[in-house]
Amino acid sequence: MAFVQFSKVSLAFGDRDILKDVSVNLQTGTKAALTGANGAGKTTLIKIMAGLIEPDSGSRIVQKGARVAYLPQSGLTHKGATLMQEADKAFQYGYDIQNEIDEIGEKLKSNPPDSDALVLRHSELMTYLEDSGWHRRSALAESVLLGLGFSREDFDRMTEEFSGGWQMRIALAKTLMQNPDILLLDEPTNYLDIEARTWLEQFLKNFKGGFLLVSHDRYFLDVTINEVYELFNGELKCYPGNFTKYEKVRAVELATLIAAYEKQQQEIAHLQSFIDRFGYKASKAAQAQERQKQLDKMVLIEIPESLKKIKFTFPKAPHAGHLVYRMEGLTKSYDGKRNVIDNLDFTLENGERLVVVGRNGAGKSTLLRIIAGADNDFTGNLIPGAGVKIGYFSQDNAETIKGSQSVLDLVESESPLELVPKARDYLGGFLFRGDDVFKSLDVLSGGEKSRIALLRLLLRPVNLLVLDEPTNHLDMHSKDVLLEALKEFGGTVVFVSHDRGFIEGLATRVLELTPGRARVFPGDYKYYMERLEAEANGEVPAPDSNTTGSGKNAALGKAYSSAQSGGVQNQSAAQSDNQGASQNALSWEESKRIRAEQQKAEKEVARIEKEIAETEAKKGELEAKLSDPSVYSNGEKAKAVQAEISKLAALLDELNAKWESAAEKLM
């Protein structure tokens, strides 16, 4: 069993202890996550594990022959080779072993005195090489590259042609193809779309070695790991179970810590108050000095940033009509030959939280740019609803953030007046803590600028948020802050994200884009995934994959599947036979009926809720009257008011019963 063992490892930067007597053993079968607040030292620890940084003290022991592969967060680029040639470099270990095998073979020809040892070594190397899968390297390289989103056409492209995000995918592919005994992955999902993340999840589930990874994707961690190492105040502690279990256990464990922290803060405030009041009075100077000594000796309790709860609330969304956007025959091409978006017909309704999904190149970001008004080079009609005010976020927003102004000054200057006092709290929610808020805009990194761009957007009163990868540079805590704010947002949200947990927590409707086709799933993301699985298993019919969504019969393609399979809208070319068209029409009519009933139930619920509120207000006014001396001192008046209150109470019981009945139709 291969292993990498660390014993009592310590490291300090200046007067700050990053690691204090950290011990951990990674071995075959380890499936672990490393977590901790930003700046806790996760990347430093993982680099020590990889042998790239020497600790101040402690030991690192690697079993002889064990291979360790490390993937950093960013910064790797490749050039001078095709994609497949670069991938083959991951198998250098095999070439080295093969060379040693060949050398032993040559030595054995002369029948040396140590031939028995050489034969044994030769056999060991042959077995190791076979077990490593090196002889199947071409198939493995193809499988990994395709799984991470590359196409076969990419195999012969020069690596320098790929963008930064794809460069990191190349690096991840090479790391996985090394088939190491221990994998160390620092934010491996940063540049992956959801399809590539899903593939990586399955790879790690089947991985025979051990791995330790850092990730801010809660869902990804939950399905890949079975233990969590938390780095907190320089100390490392292990928690068995997936990430969600760790969070639950840690929350209970930290309850005592939080109580002690709050008590200590009160004690500090009390001592400091005495010192401030009496420090300069001769009669109290001795007592003040004694309290100052108590403060100086106090061991301060620290709690993780994630426990310092920050709640963000959007400015009230301006009123908008029921229909936010209508798209008719929307078509977009970059080269005039291939349509990225092909004849899209779609209606966006007020209050929806629509996630746009699809593989890289399917047109997700393109569609968001069109909706946001950032791209007007398309054909077809894009018709906005009444009163629509758009806020648009993309990674490109970061490029506009520059100047000598501080982060805090910028946010305060752009905040509504009522939010200015909370500016530092909001910045904390987006990872700008302590002196970070005084940084000049010109010195911010790309990730920091993206976070500022997102925060600026969330401060403006809009009713349609168009968000392209809003969580890319956020940690889990910041994602949670953003998610809760978006769930309470009173307007409409259209977004693209590769974070499955974020999607599942927010989306109420799914628009799937594939080449030449779009499908709408009127349900959450979990339903969408279940539907795809049912189609893959043949439990429900999948649409014709060759349909294009164009042509004079495209209108017939706007059909929902049967009510039993959940009402998936499939915008594709009409079936050539009349029977197929008839079935589509029936599905459409059935879905239309269901939708109409849903809208009727929603209106009924809203009407009853309004009547309940009005009745409760009247009842409250009458109850207030009973406290008026001119009423309660007059028996007849009091009796009349009480009778009215009783009538309203009975009416409320009736209205609540009606509300429950109407609300059940929405479930």
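Student: Which helix supplies the largest share of the lining of the second largest cavity?

Tutor: Rolling a probe the size of a water molecule over the atoms shows where empty space is left. Here, helix 6 (residues 164-177) supplies the largest share of that lining, 3 residues. A cavity is a set of points on a 1 Å grid over the protein atoms alone where a 1.4 Å probe fits but cannot get out, and lining residues have an atom within 4 Å of a point. Helices are DSSP runs of H or I with at least four residues and strands are E runs of at least two, numbered from the N terminus. Keep in mind that this is a predicted model, where local features need pLDDT of at least 70 and side-chain atom pairs need 80 or more, while totals for chains, interfaces and linings use all residues. Residues are numbered from 1 along each chain as its sequence is written, and side-chain values use heavy atoms, without hydrogens and water.

Student: What lines that second largest cavity, and what is its volume?

Tutor: Its volume is about 50 Å³, counted as the space filled by probe spheres set on grid points joined across faces, edges and corners. The lining includes Leu71, Met168, Arg169, Glu187 and Tyr191. By class, that lining has 7 nonpolar residues, 1 polar and 2 charged (nonpolar: Ala, Val, Leu, Ile, Met, Phe, Trp, Tyr, Cys and Pro; charged: Asp, Glu, Lys and Arg; polar: the others, Gly among them).

Student: How many cavities are there, and which residues are closest to the centre of the largest?

Tutor: Of its 11 lining residues, Ile341, Asp342, Leu513, Thr514 and Arg517 are closest to the centre. Strand 11 (339-349), strand 17 (509-514) and strand 18 (517-521) each give two or more residues to the lining, with strand 11 giving the largest share, 4 residues. This lining splits into 6 nonpolar, 3 polar and 2 charged residues.

Student: Which residues have the most contacts inside the largest nonpolar core?

Tutor: In soluble globular proteins, nonpolar side chains tend to be buried together. A nonpolar core joins buried (under 20% relative accessible area, 1.4 Å probe, protein chains only) Ala, Val, Leu, Ile, Met, Phe, Trp, Tyr and Cys through side-chain atoms within 4.5 Å. The largest has 49 residues, and Phe312, Leu427, Leu465, Leu486 and Phe495 have the most contacts inside it. Helix 14 (residues 446-458) gives the most to this core, 6 residues. Apart from it lies another core of 47 residues, including Leu129 and Tyr239.

Key:
On a 1 Å grid over the protein atoms alone, a cavity is a set of points where a 1.4 Å probe fits but cannot get out, and a pocket is an open set with protein on both sides within 12 Å along at least five of seven lines; lining residues have an atom within 4 Å of a point. Buried means under 20% relative accessible area, exposed over 50%, partly exposed in between (1.4 Å probe, protein chains only).
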